[in-house]
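Take the structure one piece at a time. Begin with a single residue, then step back to a whole chain and its partner.

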Amino acid sequence: MLSRTATNLFWMGRHLERAETAARLLDVGQRITLLPNTETGYQNEWNSLLQASGTSDLFAEKYGEITQEKIEEFIFFDRDNPSSVFSCIEKARESGRIVRTALTSEVWDALNVAYQELRRISKTPRDKLDTASLTDFTTGHTATVRGAINSTQLRNDGWHFMHLGYGLERADATARLLDVKYFVLLPRIEFVGSGLDTYQWQVILRALSAHRAYHWAYGGDVSAGRVADFLILNGESPRSLITSLYEAVWHLEGLAKRYGETAPTAARDKSREVLTALQARDIDMIFDEGLHEFLSWFIGEIGTISVRVHEDYLLGGA
Amino acid sequence: MSYYNEMFEGTRVRDPYARLNEWVETMPADFRQMKQAEAEALFRRIGITFAVYGEGGDPDRLIPFDMMPRVFEQAEWRKLERGIKQRARALNAFLRDVYGRAEIVRAGRIPARLVYQNEAYEKAVVGVVPPRGVYSHIIGIDLVRTGKDEFYVLEDNCRTPSGVSYMLENREIMMRMFPQLFRNNRIEPVDQYPELLRRTLESVAPQKCTDRPTCVILTPGHFNSAYYEHSFLANLMGVELVEGQDLFVDGEFVYMRTTQGPKRVDVIYRRIDDPYLDPLCFRPDSMLGIPGLMDIYRSGGVSICSAPGAGVADDKAIYTFVPEMVRFYLGEQPILNNVQTWTLWKDDDYKHVMANLGDLVVKEVHGSGGYGMLVGPKSTKDEIEAFRKKIEADPSNYIAQPTLALSTCPTFVEEGIAPRHVDLRPYCLCGDRIELVPGGLTRVALREGSLVVNSSQGGGVKDTWVLSE
């Protein structure tokens, strides 16, 4: 497979997952601001969300003061925001278009329809749109693309690269969404364990479409320890750090096996190492270490794996 | 001026269109509109769009598709086919000749200046004979019709003719939307084209290639207006679609960068122009090309289709000599005629053209895509005078032709069905054999009375049928 093709497939996966993350972020923010909460009002929470996605400076520069409408515009439609839903879907479709030959017509179709629909929506007056439907639109279309990939693509190296993109991006995204919780609560440490605290954990679960799954897995009350355990260490949870990383490892093993012993395996080795380190922890250890510190470590390691993927496969050995 | 209508002779429906006529007459208007919308949605979903140079606007514009097919009888097609293949053989013979001993120039049949001072003449490949002596592997020959048995060649495209994806997709979409039509009419298939193209490319693999050849399509990239076509063909042929950055030269061969390291490439079907192929040999500022490619080509390590330098055969000045090539190299009489052409660097022609600008079509020698041309009868006095100044400034840059009475085909329009002017581009493949699929791309000028069919000038496309016996 051409290195450039692999690069585009990898980034197509990443951007689709990133679009989904942006939509979920919007949903989290929306729900948190519905709370009759702290005296500083909703601005603070939104700003925390922007900080978690690394786009708070960009927003301030372009829009200044935070309002619900501006935030929606920024996170969903704004093409100047590289992490907006629109930017990500557009980039994913662009990658797909470049490697059109490596996609089945079903996958291309799903991707192209998502993009065309999004363009149509972007021309709709904003007061005719609500946040929930925008989030549903995104998760619905990204799921359709993923379904098309899984039911029609050849299980070849291209398939591995797409899923590798998905896996690494999802690991990164869940870590960042969890980190939002840290940012939101940071100024008011006395809230820990309060009703508000519990509600915010529920919001995180909801944003990850995991609140029902959580109850099936743990039953009973929502508590910080259990939610964190569910989203970090639970191998049944589809978006947990360990599941996402495990999938990335699995696809890297697949590539290593397919390409034989002469091919480089630095990415595979690094991902194995991080997985082992993650498996060695339990949730108490993570809280002792500090959730934010743990997440920062994890996000850094995911970045390193991405760099290794690039070096191993995407340069083309010239 | 009267025009040959391909479907109607007065009120009588010509034989090949008999069944289509029933289809049109029994089609309710709302059904037609529904189908037209469906066709458009299909094209958009598949992603067949094109970008118009320098227009801005919607980067994903569709080429308008007209559902009314254009039909040829088997006998009509056979004659066209013989004529096209003959022309393709002559053009390749000419290219072999002018990069070798240039007998045709020595014999005084073509002025040396037109060959050697031609921009498209590549000194870098003089004396290099590509595999099987084929320079141009895909030749698109633009034809117009003016009467029942009157076909003229408007121009030859020996470099990288585009549009074949429309020929294939138009058919695909018609079959999908109107299967009944294909049951009622016996229509020759065209979908073997990608397979034939792949075989053609493999048949011209370089001598140094001993295994099954690896072919690739080289594209300028996804911003190119024909990118869809490049990826479409790569997909149907099962070959990689590469950009210049994917290829590199090492030792005697060309390689592509893959996830498993370098892989050797034997045949490159390039969709970029000569000047961009190799910055070490041609334009040093080209970012699209592969440094060192031409050295490998010249030493037989890789085949390039069409071969660098092939463009010298299809320029509008050389065009006037193609019938001469047929006689000179093949010893045959040309089956297809050229359109009468005045070359403005000849005094007599110049005088005639300048005196009759209002009746003629004037084109730039190197122009394409319907740009830089004057259609006399369709232009205002001011436009004609402005063009006259351009010609006076550089007469040798222009040729002129009579305004042809391009045939018309019934076409769906707002009010129902109306005649619109059409042309035809069949795609001839040259490798170890010369092949032509029965069909081609019919372009239609959708504006009433317009004679310009280019998609950049408001043209559309039609499915083109050749009926079997």
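Beyond its neighbours within four places in sequence, A:Glu247 is in contact with A:His163 and A:Gly167; contact here means that two C-beta atoms, placed from the backbone, lie within 7 Å. This is a predicted model: local features need pLDDT of at least 70, side-chain atom pairs count only at pLDDT 80 or more, and totals for chains, interfaces and linings use all residues. Residues are numbered from 1 along each chain as its sequence is written, while chains are lettered from A and ligands numbered from 1 in the order in which they are written.

Where does A:Glu247 sit? Its place is in helix α12 of chain A, residues 241–259. Helices (H or I, at least four residues) and strands (E, at least two) are DSSP runs, numbered from the N terminus. A:Glu247 is partly exposed, because 18 other C-beta atoms lie within 10 Å. The scale runs as follows: buried at 20 or more such atoms, exposed at 12 or fewer, partly exposed in between, with C-beta atoms placed from the backbone. A:Glu17 is 230 residues away from A:Glu247 in sequence, yet the two are 14 Å apart in space, C-alpha to C-alpha.

Now turn to chain B. It has 14 helices and 23 strands. Of its 469 residues, 43% are buried. Its C-alpha atoms fill a box of roughly 65 × 60 × 45 Å, taken along the principal axes. A compact globule of 469 residues would have a radius of gyration near 23 Å, and chain B, with 22 Å, agrees. That radius is taken over C-alpha atoms, and the globule rule is 2.2 Å times the number of residues to the power 0.38. Among the contacts in chain B with a separation of 6 or more, 70% join residues 24 or more positions apart.

Chain B is divided into domain 1 (8–335 + 405–466) and domain 2 (340–402). Such bounds come from an automatic or database domain assignment. The C-alpha centres of the two domains of chain B lie 27 Å apart. Their contact takes 11 residues from domain 1 and 10 residues from domain 2.

Finally, look at where the chains meet. Chain B gives 20 residues to the contact and chain A gives 21. On the chain B side, the elements that give two or more residues are α2 (29–46), α9 (227–237), β7 (240–242), β9 (253–258) and β10 (261–265).
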